[in-house]
Amino acid sequence: MSLATNATPDVNRPGPVRHDWTRAEIGALFDLPFPELIFRAQSVHRHYFDPTEVQISTLLSIKTGGCPEDCAYCPQSARYHTGVEAEKLMALDAVLAEARAAKSAGASRFCMGAAWRSPKDRDLAQVCAMVEAVKTLGLETCATLGMLTAAQARKLKGAGLDYYNHNLDTSPEFYGEIITTRVYQDRLETLAHVRDAGIHVCCGGIVGMGESRSDRVGMIAALASLPAHPESVPINMLIRVAGTPLADQPPLDPLEFVRTVAVARITMPQSVVRLSAGREDMSEETQALCFLAGANSIFYGPKLLTTANPERDRDRALMEKLGLSPMQ
Ligand code: SF4
């Protein structure tokens, strides 16, 4: 194929940030020879970011399990027998202690996740108190609490929330294979409420769920054509948790994961692209390729909600080996 696909860019001048990426253009990026794709992604990355810096976030599950939704990848759904016990919302003091530990381990952002379809107003008041308290430690705050109304988004903004995570998960076409208890449009509406409230958006997806390449194209197209690109774009590799409907999914080729990261970097050049779930099973070489492809954020810490995350020491050793340092 011709390297002129998508009109070979001048890598020193990546051009304006675009919101009109077509699926054909995104598909052509995925199809590029691997070295060409990585070169383009790295060139875009260097234009917007210091390629030696990685933003570090810590994710704490403040309310685990018992979720009424049926997301096929999720061990926290009450519909699947995964061994995850439903717990109550954590107490403020316990959350603060975790936030202090995260800060001393180098995190600049503290994400709080709750397994809800959407928060009840009394729960939201408690989360707002957590956001206010975590901010006093000098950490950026992020929450992922399910669907939000416009009023709830404004309350979180009032408490000082910096980021809200709500993923599109996959392409609009494949979405119904993964979740039936809410629709794509619900997700887009929550994202719009978050954006309208003035909260930064963290929104990405999951690959390796049995979707096709064209679904991965569709997922990136959906993200890159949002009215404003998400400030953070987490790209997750499915963690095949026993008891979930996707437990026996064949693993995705790691190079296809790297390609997805690279295409996210090129199409959303100003966004922080985060390696999220699935790093535990990823080789150091794959992670290094992801950084080369423009990933510049990781979740750091022993637990990612309810699944294992690489030990902090292992992360630190990898960052040292690659000469990467935490983004301030
Ligand atoms: S991904 Fe979120 S909404 Fe879906 S089942 Fe898990 S906790 Fe519930």
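**Salt bridges, core and ligand shell**

At a relative accessibility of 7%, Arg-216 counts as buried. The model described here is a predicted one. The partner of Arg-216 in a salt bridge is Glu-256, and the closest N and O atoms of the two residues are 2.9 Å apart. This pair joins distant parts of the chain, with Glu-256 in helix α9 (residues 254-267) and Arg-216 in helix α8 (residues 213-224), 40 residues apart. Glu-256 also counts as buried, because its relative accessibility is 9%, and buried means under 20%. Both residues belong to a network of salt bridges that links Asp-31, Glu-211, Arg-213, Arg-216 and Glu-256.

The buried residues of α1 (residues 23-31) are Ile-26, Gly-27, Ala-28, Leu-29 and Phe-30. Among the elements that cover these residues are α2 (34-48), α8 and α9.

Side chains of opposite charge can pair when their charged atoms come close. The count of salt bridges comes to 16. One of them is formed by the side chains of Arg-117 and Glu-69, at an N to O distance of 2.9 Å. Here too, distant parts of the chain are linked: Arg-117 lies in the loop between β2 (109-114) and α4 (121-135), while Glu-69 lies in the loop between β1 (53-63) and α3 (92-104), 48 residues away. Arg-117 has a relative accessible area of 33% and is therefore partly exposed. Glu-69, in contrast, is buried, with a relative accessible area of 3%.

Glu-69 takes part in a salt bridge with Arg-182 as well, and the closest N and O atoms of that pair are 2.9 Å apart. Arg-182 is placed in the loop between α6 (175-178) and α7 (184-196), and 113 residues separate it from Glu-69 in the loop between β1 and α3. With a relative accessible area of 8%, Arg-182 is buried.

Glu-69 and Arg-182 are also found around the ligand, together with Cys-67, Cys-71, Tyr-73, Cys-74, Ser-77 and Ala-115. By class, this shell consists of five nonpolar residues, one polar residue and two charged residues.

In soluble globular proteins, nonpolar side chains tend to be buried together. The largest nonpolar core in the model has 94 residues, of which Ile-62, Tyr-73, Leu-156 and Phe-257 touch the most other members. A second, separate core has five residues, among them Leu-59, Cys-142, Tyr-163 and Phe-299. Neighbours within four places in sequence left aside, Tyr-73 is in contact with Asp-169, Ile-178, Ile-179, Arg-187, Ile-206, Met-209, Leu-238, Ile-239, Thr-244 and Leu-246.

Asp-169, one of these contacts of Tyr-73, is located in the loop between β4 (163-165) and α6. Its relative accessibility is 2%, so Asp-169 counts as buried. Most residues other than glycine have a negative phi. Asp-169 has a positive phi of about 75 degrees although it is not a glycine.

The glycine at position 146 occupies the loop between β3 (140-144) and α5 (150-159). Gly-146 counts as buried at 9% relative accessibility. Apart from neighbours within four places in sequence, Gly-146 is in contact with Trp-116, Arg-117, Tyr-164, His-166, Arg-182 and Thr-190. These contacts include Arg-117 and Arg-182, each of which forms a salt bridge with Glu-69. The C-alpha atoms of Gly-146 and Ala-114 are separated by 7.6 Å, and the two residues are 32 places apart along the chain.

Another glycine, Gly-176, lies in helix α6. Gly-176 has a relative accessible area of 48% and is partly exposed. From Gly-176 to Trp-116 the C-alpha distance is 19 Å, at a separation of 60 residues in sequence.

A pair of aromatic rings is described by the distance of the centres and the angle of the planes. One aromatic pair is found in a search of the whole structure. In this pair, the ring centres of Tyr-175 and Tyr-184 are 5.3 Å apart and the planes stand at 85 degrees, so the arrangement is edge-to-face. Tyr-175 counts as buried at 3% relative accessibility, and Tyr-184 counts as buried at 11%.

Conventions. Residues numbered from 1 in each chain as written. Predicted model: local features only at pLDDT ≥ 70, side-chain atom pairs only at ≥ 80, totals over all residues. Heavy atoms only, no water. Core = buried A, V, L, I, M, F, W, Y, C linked by side-chain atoms within 4.5 Å. Buried < 20%, exposed > 50% of the residue type's maximum accessible area, 1.4 Å probe, protein only. Contact = heavy atoms within 4.5 Å. Salt bridge = Lys/Arg side-chain N within 4 Å of Asp/Glu carboxyl O. Helix = DSSP H or I, 4+ residues; strand = E, 2+ residues; numbered from the N terminus. Near = heavy atom within 4 Å. Nonpolar A, V, L, I, M, F, W, Y, C, P; charged D, E, K, R; others polar. Phe/Tyr/Trp six-rings, centres within 6.5 Å; stacked < 30°, edge-to-face > 60°.
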